[in-house]
Amino acid sequence: MTKAATALLKYSSSDQKRELANRMMRQRVARAPLEPISDPTAFEEVAIPESHYRLDLHPAYLNLLARMAELEPPEIGGVPYFRFHQGLVRDTTRIGEREYISFSNYNYLGLSGHPALKRAVADALDRYGTSVSASRIVGGERPIHIELEGALAELLDTEACLAFVSGHGTNVTTIAHLFGPKDLILHDKLVHNSIQMGALLSGARRIAFRHNDWQMVDDLLQRHRHHYERVVVILEGVYSMDGDFPDLPRFVELRERHKVFLMIDEAHSLGVLGERGRGIREHFGLSGSDVDIWMGTLSKALASCGGYIAGSRALILNLKFNSPGFVFSVGLSPANAAAALAALQVMAAEPERVAELRQRAGLFLELARERQLPTGSSKGVSVVPLIVGDTKRCVALTNSLLKRGIDVQPILYPGVRERAVRLRFFINGTHTEDQIRWTIGIVEEEWRQYGGRSG
């Protein structure tokens, strides 16, 4: 074990220790020479367990069936996922023949279905068709991609930007490409799965630090920065499970002092934070160059689908020619590019949408806390959780609220720890104050009915 690996075990969880040990074992196995086969007929036939070649016996599938069965009793109400929604989802949605107040979508600014976006999509379809039909490096550029990337770079105060077809894939391919076995990745313990998967694929050493704890990051960097080549600290602009955000200026100061990279995932903060919805940078009055890698998605406030990376020209050129998730993937569809570009234009022309979102989310949080509902660390900017702490009770509560006309989804293990399972309320600017007040009243009634404790 290297000196750096030994030192880092002090700050590692048991899972991380096992990961390090497994990685070292795999490296030893990979380097071991293969024994020559002297007589292939001499081997005894060994029965292969059925679970090794049957997908219906895959451990993850069997575990899923067991968890689903636990939710079937009438008092719980069954699995609440993958319900069929009819039509546009904004403040309300239609499931079957009934309309519900919806808190299960992140159409934050109410732009999905906006007339300007629909016109832009129709024009893009007429001009470019339904697909660009190749990767951009092979099939060439389309003006709509360049316009979108230019608009995002301007919004984020960066030199350049690159759009990808998947938000999840954007994080995975960017992190896995930029960092490797000689590097260190420090990320908040509550970051999205896509960040964690990118870190794992990179082969870099990774440490999850306490949520929003810049002092722990400072301590880790003081002790271990010199053991690694590149080091990156990864945060989210707004944390999608908790609805809070980091003290970004503190992390910017650490970036400068310790000579590390800083990456921010703005999936849930673009269009939400800042007076004009320009994200956490605008909220704190920072420059685009204060962060090395700005990541975001097109599927939340921008009512489209895809992801982006913004930063220096060097970063974007590197990704454009070398990132597997861009080079070996079809380009963003014209319709999705056009929708996101039109959403940026509407957001700029109608900044009141951002103010309305914050007002509605703030009201939701205020009313929930008045009733002592456990909302965790939420700042009330777009996401407000109701911490339940028990899977069966959480699902039962979800199903009871649906019967009363409220559509909200549970977040269960492994999305969060069992003691932190929750209902997650996405608030958007099209929710009315009356809808929010009525919802909080019903939630309080059902919460008490299921034995919920005060926050």
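Visitor: Where does Ser-240 lie?

Guide: Ser-240 is in the loop between strand S7 (231–236) and helix H10 (248–258). Helices (H or I, at least four residues) and strands (E, at least two) are DSSP runs, numbered from the N terminus. This is a predicted model, in which local features need pLDDT of at least 70 and side-chain atom pairs count only at pLDDT 80 or more, while totals for chains, interfaces and linings use all residues. Residues are numbered from 1 along each chain as its sequence is written, and side-chain values use heavy atoms, with hydrogens and water left out.

Visitor: Is Ser-240 buried or exposed?

Guide: Ser-240 counts as buried because its relative accessibility is 8%. Buried means under 20% relative accessible area, exposed over 50%, and partly exposed in between (1.4 Å probe, protein chains only).

Visitor: And which residues does Ser-240 touch?

Guide: Leaving aside residues up to four places away in sequence, Ser-240 touches His-268, Val-383 and Arg-424. Contact means heavy atoms within 4.5 Å.

Visitor: Turning to sheets, in what order do S11, S13 and S14 stand?

Guide: These 3 strands form an open sheet in the order S11-S14-S13, with antiparallel pairing. Strand S11 (383–387) and strand S13 (409–411) are at the edges with a single partner strand each, so one side of each has no neighbour in the sheet. From one strand to the next, the twist averages 35°; axes are lines fitted to C-alpha atoms, for helices over the stretch in contact, and angles run from 0 to 180 degrees between N-to-C directions.

Visitor: How many bridges are there between S13 and S14?

Guide: S13 and strand S14 (residues 422–426) pair over 3 bridges in the antiparallel sense. Two strands pair if DSSP finds at least two bridges between them. Leu-423 in S14 is the bridge partner of Pro-410.

Visitor: What about helix H16, how many of its residues are buried?

Guide: Of the 13 residues of H16, 10 are buried, so the helix is largely enclosed by the rest of the structure. Among them are Cys-394, Val-395, Asn-399 and Leu-402.

Visitor: What span should H16 have, and how far apart are its ends?

Guide: At 1.5 Å a residue, helix H16 (residues 391–403) should span 18 Å, and its end C-alpha atoms are 19 Å apart, which agrees. The expected span is 1.5 Å times one less than the number of residues.

Visitor: Which residue caps the N-terminal end of H16?

Guide: Asp-390 does so, with a side-chain oxygen 3.3 Å from the backbone nitrogen of Lys-392. Just after H16, Gly-405 takes a positive phi of about 100°.

Visitor: Which parts does the pair of Phe-164 and Phe-326 tie together?

Guide: Phe-164 lies in strand S4 (residues 160–164) and Phe-326 in helix H13 (residues 324–327), so the pair ties together parts 162 residues apart in sequence. Both Phe-164 and Phe-326 are buried.

Note on methods
Polar contact = N/O pair within 3.5 Å; in protein donor to acceptor, adjacent residues only side chain to side chain.
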